[in-house]
Amino acid sequence: PLDAFELVTAMYAASGHELRKDWYGDDGTKGRHRRLSETSRPAGAETGILAGVANTDFLQAVSLFHTRDRRRAAEESGKQGKELPAVTGNRQALLNLPLEEYKRYEAQVERGFVQAARFLHMLHIYRIFDLPYQSQIVPLAAILADIGDAWEHEAILAMLVRWYWNGVFGELYGSAVETRIARDFIEVPIWLKGGPEPSTIGETMFRADRLKTMRMRLSAAYKGVNALLMKDGAQDFRSGRKFDHIVFFGENVDIHHIFPQDWCKKHGIKPNVFDSIINKTPLSYRTNRIIGGIPPSEYLAKLEKGNETTPPIDRARLDVYLTSNLIDPSLLRSDRFEDFMVDRQRRLLALIEQATGKDAYIGSAQEEGEDVEADEDTVEAELTITAA
């Protein structure tokens, strides 16, 4: 079966417009797909953060503008309620997108996607690999296209950042997102002008013990925590450098275990505990090699002592590096894994609460139907957070 892009391409061809050429280009001319893919790409890389934007994503963003115009026109004519056409970017809306409306909004929407790449880089999200939700780029780009340069103003930017993190940590863009995309496109610009909070913020509920079950990059919130740590000023254990765009790619930064896997296994700690995002932080490749499989007390001593390739690090300065990663140095130096997990969970929750502007919900994973193992660590963590 043909997808919506192919069908729209066929319809526009009847009017003499080559939609495929717009997207893919031709000999000697870059198409929109390549232009977006190369936007904000790092040195030496072929593509950037927008490489995953599909042709139907672009049409969807254009359709949001067209259907909103239709709804506004209907409102001006006196229609109300169910008489009003929906603002949407679903398949049928794409098939009903007139060529003149596509031409009207294509340049504006492309600028919105380019600004979305800048926005994501500001949040320290540099690679598709680390992007929490591909689907959230569509409303983000459409909103930025709609409000223009206003998004660069400090107050507006802060609100957009808050909306974005609520979508990530509320895990609201994982499935059945067409309605949410349209709703955010309508509600967020109104909110930015003093209106009510968008439903994405109102519906976000981050469970406190969710951190314990975030173990893989399949989780948008997992990726979100990693980006938040870098944006909050996390410094590499070895170099003390913050993870800006240059350092991130130049030093091959990725998320790694704080208490190494080998050490955890030797001490009988289960993978579903030590693989949690609570026990991970962004580190450079070289730093992770130094950590190896030895306990924190030993690799911290190695960092302080230095070697032929790494100069010694003052203990107090190293503590600053650790603290910037929301780690209590004393717990790491004494290899107190259980205490470390409880303490860092509390610190990460505070970071998420600050980003979303909402308090975490104290509840059990079993309430949400997740397949997680209830153990004493989980109970202890919940009691500690509740007391705090």
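Phe129 is located in the loop between H6 and H7 of this predicted model (helices are DSSP runs of H or I with at least four residues, strands are runs of E with at least two, and both are numbered from the N terminus). The model is a prediction, in which local features require pLDDT of at least 70 and side-chain atom pairs count only at pLDDT 80 or more, whereas totals for chains, interfaces and linings use all residues. Residues are numbered from 1 along each chain as its sequence is written, and side-chain values use heavy atoms, with hydrogens and water left out.

With a relative accessibility of 45%, Phe129 is classed as partly exposed (buried is under 20% relative accessible area, exposed is over 50%, and partly exposed is in between, for a 1.4 Å probe and protein chains only). Neighbours within four places in sequence aside, Phe129 is in contact with Arg217, Lys223 and Asp254, contact being defined as heavy atoms within 4.5 Å. Between Phe129 and Arg217, which are 88 residues apart in sequence, the C-alpha to C-alpha distance is 8.3 Å. The loop between helix H6 (99-122) and helix H7 (137-147) also holds His124. His124 is not a glycine, yet has a positive phi of about 65 degrees; its relative accessibility of 15% makes His124 buried.

A positive phi in a residue other than glycine also occurs at Ala176, where the value is near 45 degrees. Ala176 belongs to the loop between helix H8 (154-169) and helix H9 (178-192), and its relative accessibility of 78% places Ala176 in the exposed class.

Asp254, a contact of Phe129, has Leu283 as its bridge partner in S4. Strand S3 (residues 254-257) pairs with S4 in the antiparallel sense over four bridges, where pairing requires that DSSP finds at least two bridges between the strands. In a regular strand, side chains alternate between the two faces of the sheet. Strand S4 (residues 280-283) is covered on both faces, with Lys280 and Pro282 buried on one side and Thr281 and Leu283 buried on the other.

Leu283 also has a C-alpha separation of 9.2 Å from Phe248, the two being 35 residues apart along the chain. Phe248 is part of helix H13 (residues 245-250) and is buried, at 3% relative accessibility. When residues up to four places away in sequence are not counted, Phe248 touches Tyr126, Arg127, Asp130, Met230 and Val253.

In helix H18 (residues 315-324), Leu318, Tyr321, Leu322 and Ser324 are the buried residues. These residues lie on the same side of H18, because they cover an arc of only 165 degrees around the axis, the arc being that of the directions from the helix axis to the C-beta atoms. Their cover includes helix H17 (296-305) and helix H19 (329-333). At the start of H18, the backbone nitrogen of Ala316 has a side-chain oxygen of Asp314 within 3.1 Å. This is a polar contact, defined as a pair of N or O atoms within 3.5 Å; within protein, one atom must be able to donate a hydrogen and the other to accept it, and residues adjacent in sequence count only if both atoms are side-chain atoms.

Thr356 is situated in helix H20 (residues 337-356) and is buried, at 3% relative accessible area. Apart from neighbours within four places in sequence, its contacts are Arg162, Trp165, Asn166 and Phe169. Asn166 and Gly202 are 36 residues apart along the chain, with their C-alpha atoms 8.8 Å from each other. Gly202 is in helix H10 (residues 199-202) and is exposed, at 52% relative accessibility.

The protein chain as a whole contains 21 helices and four strands. Its radius of gyration is 24 Å, close to the 21 Å from the globule rule for 388 residues, so the chain is as compact as a globular protein of that length (the radius is taken over C-alpha atoms, and the rule is 2.2 Å times the number of residues to the power 0.38). Along the principal axes, the C-alpha atoms fill a box of roughly 70 × 50 × 40 Å. Of the 388 residues, 53% are buried. Among contacts between residues at least 6 apart in sequence, 72% join residues at least 24 apart.
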